[in-house]
Amino acid sequence: MDQPPKTTTEGTEKGSKAEQFVSYVIERIKQDNGFAARLKRADNPATEYQSWEFLARFGVDLEKPWQRLPYCIVGAALARAKPETNGQLPLGVAIGACFDDGNKSDQAKARMRRLLACTSTAECCRILRPLLALMASRGKTPNFIQILDQLQWYSGNGLEKVRARWAQDFYRRTDEDKATENAHD
C-alpha cells in the first residue's frame, strides 16, 4: 500500500497539508479502485470509518470532527469526481457554474444562502456534500485544495472570513454581466 507523504499540521516544504492531501488522493484514485471505493464512503457517517485508516496515516486527528470531516467530504468528492487535476473554480463560482443562469439562478442563490447559514464545520460539511455531488454531475471541478483549507478555518473569526469569501466569489459580477448591463443602458 502506498504511504501518504509525511506531513505536519502546516504541511511540508512540498506544499500545505491540503495540497498534499488533494494531490495524493488524485494520483492514488487513478491507480487503486479499492482506495477510491473506500474514500467514496467517507462522507457518509455510517461508512466513513472505512476511510479512517488512510486519514490517520495522513495525520488527520480522527477524534476531532472539525478536523476529520473536511478531509472526509473532500476525499469523497475527489473519489466520485475523479478529476485529472485540482480545479481552479472557487467554491462560490463553482456553485453558480452548475446552473444555466449562473449566480442569478434562484436554486443557486438558495443553495448559497443555505451554505452561508452554516455555523459549524459539521453542518457545513453536511450541506457541502450534495453541492459537491452536483458539481461532479455537471462537470464542474472546484478548487478542492482551497475548499479543504477553508473548511479547516471554519470556526471562530475564520468562519466569517470563509463565508464572506464564498459570498464574494458567488455574487461577484463577471465581465460578461457588466457587458450585458452596459448593452441595456
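1. At 32% relative accessibility, Trp-52 counts as partly exposed, a class lying between buried (under 20% relative accessible area) and exposed (over 50%), with a 1.4 Å probe and protein chains only. This is a predicted model, in which local features need pLDDT of at least 70 and side-chain atom pairs count only at pLDDT 80 or more, while totals for chains, interfaces and linings use all residues. Residues are numbered from 1 along each chain as its sequence is written, and side-chain values use heavy atoms, with hydrogens and water left out.

2. Trp-52 belongs to helix α3 (residues 52-57), where helices are DSSP runs (H or I) of at least four residues, numbered from the N terminus. Its side chain is joined to that of Glu-48 by a polar contact of 3.1 Å, meaning a pair of N or O atoms within 3.5 Å, of which, within protein, one must be able to donate a hydrogen and the other to accept it, and residues adjacent in sequence count only if both atoms are side-chain atoms. Leaving aside neighbours within four places in sequence, Trp-52 is in contact (heavy atoms within 4.5 Å) with Leu-62 and Arg-68.

3. Helix α4 (residues 65-81) and helix α7 (residues 121-137) pack at about 5°, with their axes 10 Å apart; axes are lines fitted to C-alpha atoms, for helices over the stretch in contact, and angles run from 0 to 180 degrees between N-to-C directions. The two helices α4 and α7 are therefore roughly parallel, a term for angles under 35 degrees.

4. The axes of helix α6 (residues 106-116) and helix α9 (residues 156-171) come within 10 Å and cross at roughly 170°, so α6 and α9 are roughly antiparallel, the term for angles over 145 degrees.

Terms used
Angles under 35 degrees count as roughly parallel, over 145 as roughly antiparallel, 65 to 115 as roughly perpendicular and the rest as oblique.
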